[in-house]
Amino acid sequence: MRLDSCQSEYSRRLYYHKSCPKNKLVDFIEFGIKLLILSMKILEYQSLKKLNTFGIDVTAKYFAEFSSINDIQEILSNSKFLNTKKLILGGGSNLLFTQNYDGLILKNNLKGIELVKQDADFYYVKSAAGEVWHEVVMHCIKHNYAGLENLSLIPGNVGASPMQNIGAYGVEIKDVFYELEAYNLADKTIRTFSKADCKFGYRESVFKHELKNKYIITSVTFKLFKTPQFNTSYGAIETELAAMGIIDKSIRAISKAVCNIRNSKLPNPAEIGNAGSFFKNPEVVRGKYEFLKIKYPTIVGYELENGNMKLAAGWLIEQTGWKGKILGDAGVHKLQALVLVNYGNAKGNEIYDLSTKVLESVKEKFGVELEREVNII
Ligand SMILES: Cc1cc2nc3c(=O)[nH]c(=O)nc-3n(C[C@H](O)[C@H](O)[C@H](O)COP(=O)(O)OP(=O)(O)OC[C@H]3O[C@@H](n4cnc5c(N)ncnc54)[C@H](O)[C@@H]3O)c2cc1C
């Protein structure tokens, strides 16, 4: 009987053990290598400083990277992780660590982008969750799959994009979302989530609430237009396109315009630690907005479909005088009041405390509650 004639690893082992001692040795070495690989995957007290864009200097008690579902299963089969808290890590661009992480951090390295199907109007593009978001956007632009261009240059990975329904320049991923697959940490099955299952809202999804920490998102499929629907009414896109000398719009030109605007406005995390907008834009009832408008005629607000008004959190913060303020190494960015920054060695708690002060000032001045967008860990 030959080695490859055996169906399962179990039967292979059984066969070996019943047969010659040489094969037993081969099996033993193979098993040892597997154990070694497994143990190599789990690091203890791993520094997370370079794995979060705030650059907060904390450690993870356990740290492992996975590149396949098998890896996830292998890592989690270790009994010591049964009751250990777990955090899935993508690019670390929407997190604030306020302490060392006393659990297992699972870093997602699932890779692959694929056109899974197409119909008369749409391309269905499936991306593994560990792909870098902007690289997927660039891939789609290269192949003329339209719809992601306004979301160019958002940091992070694909797996986190449905978590908070990422959005920028008038587009959210819910607008181009088809479905996602996720690994259930409890029953170890893969479930497919439709758009409705995800319960998307403004920087919200089911994964931030009732399903928080229950699933690892493993892939996301986007439904992208064959005929582009240009969305250039938001922000300074039109102005930037004009400055670029663009007359005939294209998804490539819009992406470039968005990148130019973002590069000129947002601090680069490679230079100053930050996680983008720290706060969400608050929603208030129209009556409240009208009341504030009398007192503050320049207040910035946008009408929502439900009749409520969304206020620009950056404007509110600016009015409280926090823009550009620095406390120790933590600060409110001098050009973007919505962005809190780490000027060097700020602790997560210092940034958190600064955010509390900002929240309190806005509440006191306007009677409006700001909500943090960044995940506090
Ligand atoms: C300079 C800058 C600009 C930004 N601009 C924008 C913007 O314009 N619009 C916007 O929406 N956001 C923006 N962000 C925020 C951030 O880029 C996004 O939220 C991004 O999607 C986070 O991806 P990530 O991989 O870094 O997630 P991480 O920070 O690693 O994780 C964020 C959350 O998602 C969870 N998570 C991550 N991957 C998975 C997974 N596979 N399965 C389950 N849970 C998972 C984590 O546990 C955590 O709770 C900006 C950030 C920065 C630093």
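This is a predicted model: local features need pLDDT of at least 70, side-chain atom pairs count only at pLDDT 80 or more; totals for chains, interfaces and linings use all residues.
**Entry 1: the ligand shell**

Residues are numbered from 1 along each chain as its sequence is written, and side-chain values use heavy atoms, with hydrogens and water left out.

How many residues surround the ligand? I found 33, and the closest are I88, G91, S93, G167 and R262.

I then looked up which strands supply the shell. Strand 3 (86–89), strand 8 (167–168), strand 12 (215–225) and strand 13 (273–277) each give at least two residues. Strands (E, at least two residues) and helices (H or I, at least four) are DSSP runs, numbered from the N terminus.

An oxygen atom of the ligand lies 2.8 Å from a backbone N or O atom of G90. For ligand nitrogen, I recorded 3.4 Å to an N or O atom in the side chain of N108, and 2.8 Å to a polar backbone atom of I217. The ligand on its own has 990 Å² of accessible area, of which the protein covers 94%. These areas come from the Shrake-Rupley method with a 1.4 Å probe; for residues, only the protein chains shown count as cover.

**Entry 2: aromatic pairs**

I searched the whole structure for aromatic pairs and found 13. The criterion is that rings of Phe, Tyr and Trp (its six-membered ring) have centres within 6.5 Å; planes under 30 degrees apart are stacked, over 60 edge-to-face, and the rest tilted.

F122 and F225 form a tilted pair, 5.5 Å centre to centre with 45° between the planes. This pair ties together parts that are 103 residues apart in sequence, because F122 lies in strand 7 (residues 122–128) and F225 in strand 12. I read a relative accessible area of 22% for F225, so this residue is partly exposed. The cut-offs are under 20% for buried and over 50% for exposed, with partly exposed in between (1.4 Å probe, protein chains only).

What is the geometry of the rings of F177 and F200? Their centres are 5.0 Å apart and their planes stand at 75°, so I classed the pair as edge-to-face. F177 is in strand 10 (residues 177–184) and F200 in the loop between helix 5 (195–198) and strand 12, 23 residues apart. Both F177 and F200 are buried.

I also noted one aromatic cluster, formed by F54, F278 and F279.

**Entry 3: charges over rings**

I checked for charges over rings, requiring NZ of Lys or CZ of Arg within 6 Å of the ring centre and within 35 degrees of the ring normal. The charged end of K223 sits over the ring of F122 at 4.4 Å from the centre. For K325 over the ring of W322, the distance to the centre is 5.7 Å.

**Entry 4: the loop between helix 5 and strand 12**

I returned to this loop for S205, which lies there and is buried at 2% relative accessibility. Which backbone oxygen atoms does the side chain of S205 reach? I found that of P162 at 3.2 Å and that of M163 at 2.7 Å from a polar side-chain atom.

K199 is found in the loop too, and its phi is near 50°, a positive value in a residue other than glycine. R203, also in this loop, has a positive phi of about 55° although it is not a glycine. R203 is buried at 12% relative accessibility.

**Entry 5: further buried positions**

I located N52 in the loop between strand 1 (43–47) and strand 2. N52 is buried at 4%, and a polar atom of its side chain lies 2.7 Å from the backbone oxygen of L48.

V362 lies in helix 10 (residues 348–366) and is buried, with a relative accessible area of 0%. I computed 6.5 Å between the C-alpha atoms of V362 and L316, which are 46 residues apart along the chain.

Conventions
A residue is near a molecule or strand if one of its heavy atoms lies within 4 Å of it. A polar contact is a pair of N or O atoms within 3.5 Å; within protein, one must be able to donate a hydrogen and the other to accept it, and residues adjacent in sequence count only if both atoms are side-chain atoms.
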